[in-house]
Amino acid sequence: MTHIDILGVAAHPDDVELSCAGTMLAAKAGGKRTAIVDLTYAELSTRGTLESRGKETDEATKILGLDGRYNLGIADGNIETSKENVRKLIKYFRMLRPTIVLCPHFSERHPDHEAASELVHQASFYSGLAKIETTGDDGKPQEPHRPLMVLHFMQTYIFEPKLILDVSSVFEDRMRTVQAYRSQFGRGKDGQKIASGERETFLTQSGFYEWIEARARHYGMQIGVQYGEPFWCEGAVGIKDLFSIITKNIA
Ligand SMILES: [Zn+2]
């Protein structure tokens, strides 16, 4: 398989869509290869069934135009940062050979998001060590591979971003990926009520959809564009051209 340029790794299918779908779409529009590895099927979700969620994930995957979407099938709820789970992720890093990995921040409301962050932290490092041996699906030993950059996307908790990407040109499709997960939100842009008898969750509360849009608008304003997606990373971000950081027309 040809290498993947940007790989999103998340605890649940819909995490990448809610947090940084615009970044995935912008990369795709720029001719890059993109993929997502979901750690679980989110079988503990309050709303929807595994089947309905699977269809929603397929729909979002199509909108994103992903070159691959994988699921490690780890049990949802209390994801363990075990050696076994690190090895599962190493196998995918070595198979997909991503240059950039997008993953949750280490401080998050949902403990599984924090666990996903830690698994990526460990797997992205150990994947580069030749003496940690793994076997591919073809039964052959895998070559070591370490992603060049790990960027953390923003979920529930906010952080001071290290960089903000302009996603204005893909924003309509970006919001379509959120709407794809309709069983989770129970209401969309039109603010329709969830059906009576259905349970309200964090995701179905009034204004959730608008919150996603408002956050993108907020971070877009910070860099002088319409919509932006914030990221955090360890250390400094290097650039080759000073003018590549100019996104504003007005100072
Ligand atoms: Zn999640």
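This is a predicted model: local features need pLDDT of at least 70, side-chain atom pairs count only at pLDDT 80 or more; totals for chains, interfaces and linings use all residues.
Q: Within what arc do the buried residues of helix 7 fall?
A: The buried residues in helix 7 are Ala216, Tyr219 and Gly220. Their C-beta atoms, taken as directions from the helix axis, line one face of the helix, because the arc that holds them is 110°.

Q: Which elements do the buried residues of helix 7 pack against?
A: Contact here requires that the C-beta atoms of two residues, placed from the backbone, lie within 7 Å. By that criterion, the buried residues of helix 7 pack against helix 1 (15-29), strand 6 (163-166), helix 5 (171-179) and strand 7 (228-232).

Q: Which residues of helix 2 are buried, and on how wide an arc do they lie?
A: In helix 2 the buried residues are Arg53, Glu56, Thr57, Ala60 and Leu64. They sit on the same side of the helix, because the arc they cover around the axis is only 105°.

Q: Which exposed residues does the face of helix 2 turned away from its buried side carry?
A: The buried residues of helix 2 are covered by elements that include helix 1, strand 2 (34-38), helix 5 and helix 6 (182-185). The face turned away from that buried side carries the exposed residues Glu51 and Asp58.

Q: At what angle do helix 3 and helix 4 pack?
A: Axes are lines fitted to C-alpha atoms, for helices over the stretch in contact, and angles run from 0 to 180 degrees between N-to-C directions. The axes of helix 3 (residues 83-96) and helix 4 (residues 111-126) lie 9 Å apart, with an angle of about 55°. That makes helix 3 oblique to helix 4, given that angles under 35 degrees count as roughly parallel, over 145 as roughly antiparallel, 65 to 115 as roughly perpendicular and the rest as oblique. The packing angle is about 55°.

Q: Which residues of helix 4 do those of helix 3 meet?
A: Helix 3 passes helix 4 in a right-handed crossing, where a crossing is left-handed if the near helix is turned anticlockwise from the far one by less than a right angle, and right-handed if clockwise. From helix 3 come Asn85, Val86, Leu89, Ile90 and Phe93, and they meet Leu119, Val120, Gln122, Ala123, Ser124 and Tyr126.

Q: How far apart are the axes of helix 1 and helix 5?
A: The crossing of helix 1 and helix 5 is right-handed, and in it Glu17, Leu18, Ala21, Gly22 and Leu25 of helix 1 meet Phe171, Asp173, Arg174, Thr177 and Val178 of helix 5. The two helices pack at an angle of about 145°, and their axes are separated by 9 Å.

Q: Which residues does leucine 18 touch, not counting residues up to four places away in sequence?
A: Leucine 18 is found in helix 1 and is buried, because 23 other C-beta atoms lie within 10 Å. Its contacts, with that sequence limit applied, are Val178 and Ile212.

Q: Is aspartate 14 buried or exposed?
A: Aspartate 14 lies in the loop between strand 1 and helix 1, and although it is not a glycine, it has a positive phi of about 115°. Because it has 25 C-beta neighbours inside 10 Å, aspartate 14 counts as buried.

Key:
Residues are numbered from 1 along each chain as its sequence is written. A residue is buried if 20 or more other C-beta atoms lie within 10 Å of its own, exposed if 12 or fewer, and partly exposed in between; C-beta atoms are placed from the backbone. Helices (H or I, at least four residues) and strands (E, at least two) are DSSP runs, numbered from the N terminus.
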